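Work through the exercises below with the sequence and the 3D structure at hand. A worked solution follows each task.

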Amino acid sequence: LAMPTALLSVYDKTGIVHLAAGLHDIGFTIISSGGTARTLLAEGIPATDLADVTGVPAILDHRVVTLHPKVHGGLLADPTSPAHQADMAEYGIAAIDLVVVNLYPFESDPSIELIDIGGPAMVRAAAKNHAHVAVVVNPGDYGPVLDELRTSGAVSENTRRRLARDAFATIAAYDAQIATWFDAGAEGDSLPDGLHLSLTKKQPLRYGENPHQQGARYLADGRRSWWDDAVQHGGKELSYLNLYDTEAAWRLVHRFQAPACVIVKHANPCGVAVSGDIADAYVKANACDPVSAFGGIVALNRTVTRELAESLAPVFTEVVVAPAFDPEALEVLAAKGNLRLLSGPQPYGSPLDVRSIDGGLLVQQVDTVDLDRSHWRVVTVVQPTPEQLDDLSFAWTVCAAVSSNAIVYAKDHQAYGIGAGQQNRLDSARLAAERSAGRAAGGVCASDAFFPFRDGLDAAAAAGVRAVIQPGGSMRDADVIAAADEHGMAMVFTGERHFRH
């Protein structure tokens with residue numbers, strides 16, 4: 001019987017020497033080329049240069065190395081087919097049993113020269129013929145494949161099929177990176193002509209939005225997520241809504257530079273505060289709406305201290321996420337057996353916001369909040385004080401993260417009333433007033449969109465608000481400005497709306 005043959009051609013040499021040595025020990029003939037061949041020969045591992053197999057050296061500045069019938073014939077041949085056997089005999093083609101390939105790292109420095117041609121062609125050919133050929137594209141599979149070969153003398157059918165699936169997924173992701181690069185280089189619309197999505201399941205979840213729904217987190221291939229660098233220090237597995245709400249809280253808390261706390265329930269902030277001390281920020285954030293904070297997500301942009309942990313411990317909370325936890329804080333919170341504690345880096349961000357819709361996706365740029373006050377316009381007789389402007393910036397930042405229609409009442413960098421997700425703005429204003437219970441008197445109001453009538457502004461005035469920030473742009477702006485002047489309130493137009501659905 002002919003010795004089995006392995007073709008090794010890798011850009012990333014991690015683990016390749018160990019694999020090749022193992023293959024040689026169990027009787028494989030190894031063929032290789034370029035840097036891979038030099039690496040193996042330098043380690044004393046016999047390897048036949050591919051040029052000796054094809055009769056053609058690497059040409060065209062190494063653009064053509066493996067594109068040859070003796071390579072692709074060996075990968076695509078069905079050894080059980082008499083016709084294939086005849087062709088192989090006529091043209092001197094030997095079967096290849098195992099191919100190990102990884103590709104030029106296109107995303108590391110996108111350019112024409114890093115678009116791999118020979119590698120993907122070999123991977124596709126071998127994956128198509130996985131009934132007879134094992135294709136390995138991930139160094140993490142070297143060990144399992146070697147183990148199977150040593151144990152049973154062959155790679156099992158199930159493993160070959162899994163490897164083929166991984167191979168096609170790798171090529172799909174690679175092509176998506178290239179197509180995305182071409183789209184990014186096109187002029188005109190900031191949204192690309194195509195979205196080339198390739199994602200891999202990274203994290204199974206306890207369930208989806210409800211226990212009867214399955215859920216999982218997928219990661220776009222070639223991207224990084226702060227979730228992958230996060231560490232869970234305790235508590236149950238995360239569910240779909242744990243991730244969704246934690247993401248919302250983590251994004252918002254990182255919009256603040258000073259020590260801040262954000263509490264989220266059902267993707268909406270129900271408490272936000274900024275303070276000189278992180279423990280105080282939590283106490284103030286929880287005070288906004290302690291009823292809604294029950295079972296919520298707490299995000300902090302500073303290390304959790306023992307003092308903070310002792311304030312957190314009595315309140316039922318699903319997740320606490322922070323950059324880090326002091327050992328003493330972990331000791332205090334460990335007593336809460338189901339409490340999930342996460343530490344991680346700040347969000348890496350994404351240029352696009354994507355939602356599913358029947359048959360496809362809705363895509364938009366990610367919303368950003370402009371706090372450059374030179375873009376704001378005071379439209380009332382009364383001018384906001386410097387302290388009010390600071391509070392308006394705070395309230396405007398919070399409001400942009402609240403479901404529309406959104407109203408936020410705040411004072412001294414502390415949210416006191418948040419009206420979210422109402423079908424009309426007046427109800428949101430009344431809800432925010434009810435939640436603030438008089439505590440926002442002398443404070444400010446933020447509205448994510450313009451007041452279509454003066455009634456919402458009248459509700460804010462009744463709650464004691466003294467300054468308002470809103471986009472402006474209503475047909476009745478003059479009526480709303482007149483109402484603000486009537487109440488002796490300052491009002492700022494930003495010219496920027498922040499609907500969030």
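**Exercise 1.** Is Asp390 buried, partly exposed or exposed?

Solution. This is a predicted model, in which local features need pLDDT of at least 70 and side-chain atom pairs count only at pLDDT 80 or more, while totals for chains, interfaces and linings use all residues. Residues are numbered from 1 along each chain as its sequence is written, and side-chain values use heavy atoms, with hydrogens and water left out.

Step 1: take the cut-offs, which are under 20% relative accessible area for buried, over 50% for exposed and in between for partly exposed (1.4 Å probe, protein chains only).
Step 2: Asp390 has a relative accessible area of 35%, so Asp390 is partly exposed.

**Exercise 2.** Find the salt-bridge partner of Asp390, and state which parts of the chain the pair ties together.

Solution. Step 1: a salt bridge is a side-chain nitrogen of Lys or Arg within 4 Å of a carboxyl oxygen of Asp or Glu.
Step 1: the partner is Arg373, and the closest N and O atoms are 2.7 Å apart.
Step 2: Arg373 sits in the loop between strand E15 (360–365) and strand E16 (377–378), and Asp390 in helix H15 (residues 386–399), so the pair ties together parts that are 17 residues apart in sequence. Helices (H or I, at least four residues) and strands (E, at least two) are DSSP runs, numbered from the N terminus.
Step 3: Arg373, at 36% relative accessibility, is partly exposed.

**Exercise 3.** Describe the salt bridge between Arg251 and Glu247.

Solution. Step 1: the N to O distance is 2.9 Å.
Step 1: both residues belong to helix H10 (residues 240–253); they are four residues apart, which means a separation of about one helical turn.
Step 2: Arg251 is partly exposed at 49% relative accessible area, whereas Glu247 is buried at 18%.
Step 3: Asp141, Arg162, Arg165 and Asp166 are linked in a network of them.

**Exercise 4.** Which residues of helix H18 (residues 477–486) are buried, and why do they lie on the same side?

Solution. Step 1: the buried residues are Asp477, Val480, Ile481, Ala483 and Ala484.
Step 1: they lie on the same side of H18 because they cover an arc of only 155 degrees around the axis. The arc is that of the directions from the helix axis to the C-beta atoms.
Step 2: Ala478 and Glu486, on the other side of H18, are exposed.
Step 3: the buried residues pack against helix H17 (455–462), strand E20 (467–470) and strand E21 (490–493); contact means heavy atoms within 4.5 Å.
Step 4: after H18 comes Gly488, with a positive phi near 70 degrees.

**Exercise 5.** In what order do the five strands of the open sheet run, and which helix packs on the sheet?

Solution. Step 1: the order is E3-E2-E1-E4-E5, with parallel pairing. Two strands pair if DSSP finds at least two bridges between them.
Step 1: strand E3 (48–49) and strand E5 (134–136) are the edge strands, each pairing on one side only.
Step 2: strand E1 (residues 5–10) and strand E2 (residues 29–32) are joined by four bridges; Leu7 has Ile31 in E2 as its bridge partner.
Step 3: helix H7 (residues 142–152) packs on the sheet and touches E1, strand E4 (98–102) and E5. The direction of H7 makes about 175 degrees with that of E4, where axes are lines fitted to C-alpha atoms, for helices over the stretch in contact, and angles run from 0 to 180 degrees between N-to-C directions.
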